[in-house]
Amino acid sequence: MKPLYDLIEKLLKGPPAKYRGVMGIYYFVDDAAGAVRVLRQMGHKQMSVFSPVPHHDIERALEQGPSLVRWVTAVGGFLGATGGFALCFYSVTSYPLVVGGKELISLPPFVVLGYESMILCAGISNLLGMLALARLPQVKTKAPYDPRFTEDRIGIWVPCTGDEAEKVKETLRGHGAEEVHVHA
Amino acid sequence: MSETLAAHAEPMRRGTQVPAEAITQKSLNDDVLRMISKPGKIWWAVLTLDLIILTLGLIAERNQIVHGIGSAGHTRPVMWASYIVNFVFWVGIAHCGTLVSAILFLFRSHFRRAVYRVAEAMTVFGVLTAGLFPLLHTGRPWFGYWLVPYPNQRNLWPNVRSPLEWDVFAVTTYLTISSIFFIVGIIPDAAVARDRAKHPVMKLILTIFSFGWTGSNHQWKHFYGAYLYFAALATPLVLSVHSVVSWDFAMAQIPGWHSTIFAPYFVAGAIFSGVAMVINLLIPIRKTFKLEHIVTLDHMEKLSKLVLLTSTIVAYSYLVEFFCAWYGPSKFERDMFWWRATGHFNWGFWIMFTCNAILPLSLWFKPVRRNMPVLFVLCLFVNVGMWFERFVIMTGLARSFMPSMWDINYRMSWTEAAILAGSFAWFFLFFLIFVRLLPAFSIAEIKETLPPPMRGRKAGAHA
């Protein structure tokens with residue numbers, strides 16, 4: 001089994017990635033939020049913040065708007081409802097078979113199928129929208145990842161090079177970073 | 001840094017949910033991930049027993065396929081026999097997960113965070129079990145795809161005006177959405193487990209389930225953006241699915257079935273049995289894995305209050321059905337309800353009434369709600385009672401309009417009994433694998449209830 005395990009480990013590790021930027025690792029949420037605020041004022045808008053849970057302080061500092069996934073969901077729901085009703089209309093008219101003397105086009109039972117189709121397509125598009133917007137599944141990370149980000153540490157990654165990297169490093173240090181790593 | 005951690009590792013405080021010992025972000029990871037370490041002897045013993053029962057069910061199903069559907073106890077006029085009972089029972093069980101994960105999420109009931117993953121898993125596995133029964137009942141399950149509308153050269157379509165076709169749409173939608181909800185919710189927790197997995201195969205499995213999650217602000221933003229909409233979509237879905245299931249009966253003009261109360265009555269019954277099943281699953285899990293500080297007595301008490309609430313709705317529905325039969329104009333309806341309580345299957349009715357309407361009244365007393373062995377036994381009774389509720393509805397067919405059909409000869413055959421037992425084994429097989437493969441408690445959401453570490457100002461728990 002060892003060759004198989006080695007192959008899996010090699011596969012999971014992937015090729016060595018090159019990153020250009022500075023990573024600051026924090027324990028305290030308010031320190032990280034303060035650093036984010038200052039870095040944004042310095043013009044670093046493309047930063048990423050990694051954390052085990054979302055923190056409102058950091059979200060506010062990042063000035064993130066609401067996710068666009070809701071529009072994808074709405075479009076999916078609309079298409080699902082339309083498709084569900086269309087299926088009902090088409091299926092009863094393409095092979096007309098009167099059952100119990102009832103109208104072929106009977107809206108009340110069609111509502112059930114239209115409604116369920118709406119929920120189904122809205123749910124699937126919600127999933128696809130989320131995966132697309134959050135860039136998941138993610139095979140290659142855009143920043144050096146640390147397993148502590150799923151435990152209790154917060155990481156601030158600022159893509160930058162040269163003198164800029166030095167300034168960012170100092171800023172992160174000055175705002176209580178436990179560790180600062182420069183990737184050049 | 002361990003000093004810093006210790007200094008800020010305050011106990012979780014949210015209302016009455018104060019656990020006995022302090023939980024930190026790290027200890028939470030360790031406690032939950034302990035469940036997916038190497039399984040012990042008890043797990044293997046339970047799995048072996050489960051597989052034996054499942055084999056028995058498979059043998060029964062093989063006999064049914066070889067000798068025909070007559071080997072089940074289907075008898076005119078009780079042609080649906082126990083398969084519809086099992087189907088409705090398992091769909092009902094499946095309802096609690098969405099209630100706990102979606103409805104309580106929308107209502108911001110924080111106690112759900114400690115229990116919702118188990119409830120969601122139960123939902124997915126419950127629907128997977130429920131979906132077996134319509135297929136098994138066809139006698140030729142390999143033609144199950146005929147239920148789905150698809151273009152074919154004969155231009156044949158399922159009857160979209162039939163409640164049975166509504167069921168196909170409702171149950172498949174429910175299975176799809178609840179599975180998506182379950183898998184999406186697991187993503188951040190699978191990443192936690194992935195980062196700590198040592199075995200390469202486990203690491204590979206968890207990498208797949210984590211979708212390469214890194215916990216970046218972009219990912220969290222879209223994750224919670226989508227999660228809210230999953231909850232908003234799942235909430236009306238859960239109410240509609242069991243309503244549609246109830247219409248399998250209520251749309252038919254059969255005494256005892258043709259009633260508008262069926263939809264709300266079925267939904268309440270589904271939540272009732274589902275919450276009882278969650279309690280039955282959580283009590284052994286929290287005990288076996290020593291997680292009493294994560295799933296606290298307060299959590300269990302809140303769940304038992306849900307059982308009590310839904311029990312009163314179900315009991316009210318039983319009484320209203322009798323009242324409507326007495327007050328209404330249909331003598332067939334009156335006769336049916338009198339027969340239910342006094343006729344051939346009256347034992348089923350009284351088991352149902354005792355387990356669902358009388359025994360749960362003990363939950364008015366706090367010591368009962370907080371006594372885990374008593375609560376466990378009580379919830380087992382509730383599930384027995386809820387199975388019998390559907391049995392009582394189904395056996396009503398034996399008392400149809402024609403007195404010539406009143407020759408009661410329905411008996412559950414061993415084939416049906418074995419398939420019923422096999423369905424439990426099928427459900428628990430998934431569950432046993434789940435608790436050993438993926439985090440059974442939402443690490444990320446429980447972490448949100450912990451006070452975030454703050455240097456400058458006093459830490460407060462997240463909303």
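**Exercises on chain B of a predicted complex**

In this predicted model, pLDDT stays under 50 over residues 459-463 of chain B. The model has 15 contacts beyond four places in sequence for residues 459-463.

**Exercise 1.** Judge the predictor's confidence in chain B and in the complex.

*Solution.* Start with the average. Chain B has a mean pLDDT of 88, and 94% of its residues score at least 70. Over residues 1-20 of chain B the pLDDT is below 50, with 31 contacts in the model beyond near neighbours in sequence. Finish with the complex: its ipTM is 0.92 and its pTM is 0.89.

**Exercise 2.** Describe the fold of chain B by secondary structure and dimensions.

*Solution.* Count the elements: chain B has 18 helices and zero strands. Then compare sizes. Along the principal axes, its C-alpha atoms fill a box of roughly 85 × 55 × 40 Å. Now check the packing. Buried residues are 48% of the 463. Of the contacts between residues at least 6 apart in sequence, 79% join residues at least 24 apart.

**Exercise 3.** Find which element of chain B gives the most to the side that touches chain A.

*Solution.* Size the contact: 59 residues come from chain B and 65 residues from chain A. List the elements of chain B giving two or more residues: H2 (25-33), H8 (163-196), H9 (200-210), H10 (217-250) and H18 (443-449). H10(B) gives the most, with 16 residues. Last, sort this side of chain B by class: 30 nonpolar, 20 polar and nine charged residues.

Definitions and conventions: Residues numbered from 1 in each chain as written. Chains lettered and ligands numbered in written order. Predicted model: local features only at pLDDT ≥ 70, side-chain atom pairs only at ≥ 80, totals over all residues. pLDDT = per-residue confidence, 0-100. Contact = placed C-beta atoms within 7 Å. Helix = DSSP H or I, 4+ residues; strand = E, 2+ residues; numbered from the N terminus. Nonpolar A, V, L, I, M, F, W, Y, C, P; charged D, E, K, R; others polar. Buried ≥ 20, exposed ≤ 12 C-beta atoms within 10 Å, placed from the backbone.
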